[in-house]
Structures are given as structure tokens and as C-alpha cells.
Amino acid sequence: MPRPTLPITAAFTDYIDHIGDRTTMYEAVAAHTGAQRVLYPGSYLDLAPSFVWPDVTYLDSDPHARRAFADPDHARQLAVHRKRFPQDPRITFLPGDYTHTLAPLPADGWDLVISLYAGPVSEHATRCLRPGGWLLANNSHADAGLAALDPAYRLAAALHSDHGRHRLVAHHLDRYLQPRRPPHPTREELHKRGRGIAYTRPAGAYLFQYRPTT
């Protein structure tokens, strides 16, 4: 007799219904970047990346996420029904706080890092990005602002949502990340605030390319 999977699957689908389906945003990012391997620290129950990318590593310390991902077959079954790629999805979950759990991971191992509503992910996950890789970040916890101050990152696009559909803007980027009340806070000031600042032209999320200096 097959194991009952509905309660766990429902946890993922209910969360997507709660936060809104980000699949179209991830599709726009995938088309722009060509990324294949994705790292998502602070993912909680957002399984939508596995509808778009074939290889996603999720990381979260929340017990609800640990329970939902305890058997990766549950997540994989949902991804199989909603995936936009031909191969079988590869889903990995790492329990723990990304401020500690990311350190042992291989360097330069991922094409894209996702940082949404999870704090200063980029400061801990950058070592995991390959040169030329990408960071998708929003500014709720100032991570987009922190990336903007990092000379290794270059703003490549802004993501906007229109009636549940996402579009990527890759032109006139100098209009973005300009504070309404200059000057832009320093890294230390952003950490002290613990949240992002208001920009003259805000976006739902920002896509940066990682270009480390040699």
C-alpha cells in the first residue's frame, strides 16, 4: 500500500497559496541566467524553484520545513507534477541555520542563490556561488542592499510583479537601488537596522551577477 502523501504535499501547496506562486518569477530568472543548480537558504516551504530548475538544494532551520522535507519523495512527487523541464527533479534538503550550515558546503558549487525574506543570506552563501553565478534577493531584510554594496556583485535585473505575473527588467538599472533619503546606509548600518530601506524605484526582487575580483 502506498504511503499517504497528501498532508505533506498539502503543506507545500498551502504555503504557495499563502505567499503567492513565484513560479513565473523563477522562470524569468531561469531564462535570463541559464542556471541549473540552485541553492535556497531560508527556503521554508517554497518548493516552486523545483518546478523550474532540475537541481535545487533547500536549507532551513524551521521545524515545519524539516518535517515537510523529511522524506524528499513527498516534495519530489509534487515537483514531478508541476515541473517545466524534462528530467527528474533532484531535491536536497539541509536542516539548519544558514549562518552555520553553509560553511561546510562545497565552494563554487551552485549557479544561483535565492535569498527571499531570510536575512543576509548573501554574506554566507557567496562562497557557494561559482564565478559568473547569480544572486536573486529581495530587500525585506536588506540583503539586496547588502549585495549592492558588495563590489563582487553587479545588478543585472529587477523583478516586478503585475497581477501575479512576474517580469524581468534589465535596462535603465541605474534607476534602481537609489535611496529615497541619501546617502545609502553602510553595511554596518543595514545590519543594525535589520531591514531594507526605501528606494526611489523599488522592485519585488533584484538579480545580481557574481563577478569576484581576481
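Two strands pair if DSSP finds at least two bridges between them. Strands (E, at least two residues) and helices (H or I, at least four) are DSSP runs, numbered from the N terminus. The model shown is predicted: local features need pLDDT of at least 70, side-chain atom pairs count only at pLDDT 80 or more, and totals for chains, interfaces and linings use all residues. Residues are numbered from 1 along each chain as its sequence is written, and side-chain values use heavy atoms, with hydrogens and water left out.

**View 1. Strand S1 and its partners.** S1 (residues 37-41) pairs with strand S2 (residues 55-60) in the parallel sense, over five bridges. Pro41 has Leu59 of S2 as its bridge partner. S1 also pairs in the parallel sense with strand S4 (residues 110-115), over two bridges. There, Leu39 stands opposite Val113.

**View 2. A charge over a ring.** The charged end of Arg37 sits over the ring of Trp110, 4.8 Å from its centre. The rule asks for NZ of Lys or CZ of Arg within 6 Å of the ring centre and within 35 degrees of the ring normal.

**View 3. Aromatic pairs.** Rings of Phe, Tyr and Trp (its six-membered ring) pair if their centres lie within 6.5 Å; planes under 30 degrees apart count as stacked, over 60 as edge-to-face and the rest as tilted. The count comes to nine aromatic pairs. Phe69 and Phe93 are stacked, 4.6 Å centre to centre with 0° between the planes. Phe69 lies in the loop between helix H4 (63-68) and helix H5 (72-82), and Phe93 lies in strand S3 (residues 90-95), 24 residues apart. Both Phe69 and Phe93 are buried. Tyr153 and Phe208 are edge-to-face, at 6.2 Å and 70°. Tyr153 is in strand S6 (residues 153-162) and Phe208 in strand S8 (residues 205-210), so this pair ties together parts 55 residues apart in sequence. Both Tyr153 and Phe208 are buried.

**View 4. An aromatic cluster.** Phe12, Tyr40, Tyr58, Phe69 and Phe93 form one aromatic cluster.

**View 5. The largest pocket.** A pocket is an open set of points on a 1 Å grid over the protein atoms alone, where a 1.4 Å probe fits, with protein on both sides within 12 Å along at least five of seven lines; lining residues have an atom within 4 Å of a point. The largest pocket has a volume of about 230 Å³, the space filled by probe spheres set on the points. Its lining has 15 residues, with Arg22, Met25, Tyr117, His166 and Gly204 nearest the centre. S6 gives the largest share of that lining, three residues.

Note on methods: Buried means under 20% relative accessible area, exposed over 50%, partly exposed in between (1.4 Å probe, protein chains only).
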